[in-house]
Amino acid sequence: MPTITRDGRFAYEAAGSPEAVSLVFLHGIGGAARAWRHQLATFGSRFRAIAWDMPGYGGSKPLPNVSITALAEALQEFLQQIEADKPVLVGHSIGGMIVQQWLAQYPRAARAVVLAQTSPAFGKADGDWQKSFIAARLGPLDRGETMNLLAPSLVKELVGENPDAKGMDVARDCMASVPEASYRAMMLALIGFDLRSALKDIAVPTLLLSGSRDNNAPAPMMAKMAGYIPAARYVELAGVGHLANLERPDAFNQAIDAFLESSVAKTQATGQ
């Protein structure tokens, strides 16, 4: 069951000892905290594993004005509420953008980060690709369709080869449950996001995790992104689309586990 922070603003799910290193998962636009339950079960034995319902999702209250910057500030307030000191952050898709923005504001506050199937930029509001992307996602809602009706087709477009059946059930359920207002606000928050120039300033161990069949955050783009981050490791999951943690949960977990074995042990040894 979700837990609510003391201020009543944020909902989250958690597993593991409160004394352990905090490992915080941030979902994408069509996700929810419950999309990370496989990861909570896997990592809760060694970490304080936490899955955040972003503002406007699940039991978390929406923000009055949604932007990547505002979401990063909400993340900081959430981390303070749950007393997550020097956490490891795992951000998927827009969650990864929020992590990048948070790092720009708090460059040494994390122990390490995982940027999963995400991008350092979305681009200009008047760009043709950006306009077509937004129109494709919001057009059906403008024509009167609902998130519940759209969920199966939206999820199908996102995944790669032979996705896990149970994971796809979770993905469709999460997508169907996203409030339309939150979905619209998050989509529009992407416009203008560009932190490409800040990649060189990321000062914590970073894993960039891509899927070879991901059309939203293409693997070649993520590999290039990794080249600009000083302490980056790049891993590509073969045959995986945009929802790696649900499509291939074991492969996703193994990639993160290998990264944490080295990065978290290293930062603990150096006292960072």
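Two strands count as paired if DSSP finds at least two bridges between them. Helices (H or I, at least four residues) and strands (E, at least two) are DSSP runs, numbered from the N terminus.

This is a predicted model, in which local features need pLDDT of at least 70, side-chain atom pairs count only at pLDDT 80 or more, and totals for chains, interfaces and linings use all residues. Residues are numbered from 1 along each chain as its sequence is written, and side-chain values use heavy atoms, leaving out hydrogens and water.

**Exercise 1.** Work out in which sense E3 and E4 pair, and name the partner of Phe25.

*Solution.* Residues 22–26 (E3) and 48–53 (E4) pair in the parallel sense over 5 bridges. Now pick out Phe25: its bridge partner in E4 is Ala51.

**Exercise 2.** Sort residues of helix H5 (147–158) into buried (under 20% relative accessible area; 1.4 Å probe, protein chains only) and exposed (over 50%; partly exposed lies in between).

*Solution.* First, the buried ones are Met147, Leu150, Ala151, Leu154, Val155 and Leu158. Seen down the axis of H5, they fall within an arc of 135° (taken from the directions from the helix axis to the C-beta atoms), so they line one face. Finally, Leu149 and Lys156 are exposed on the other side of H5.
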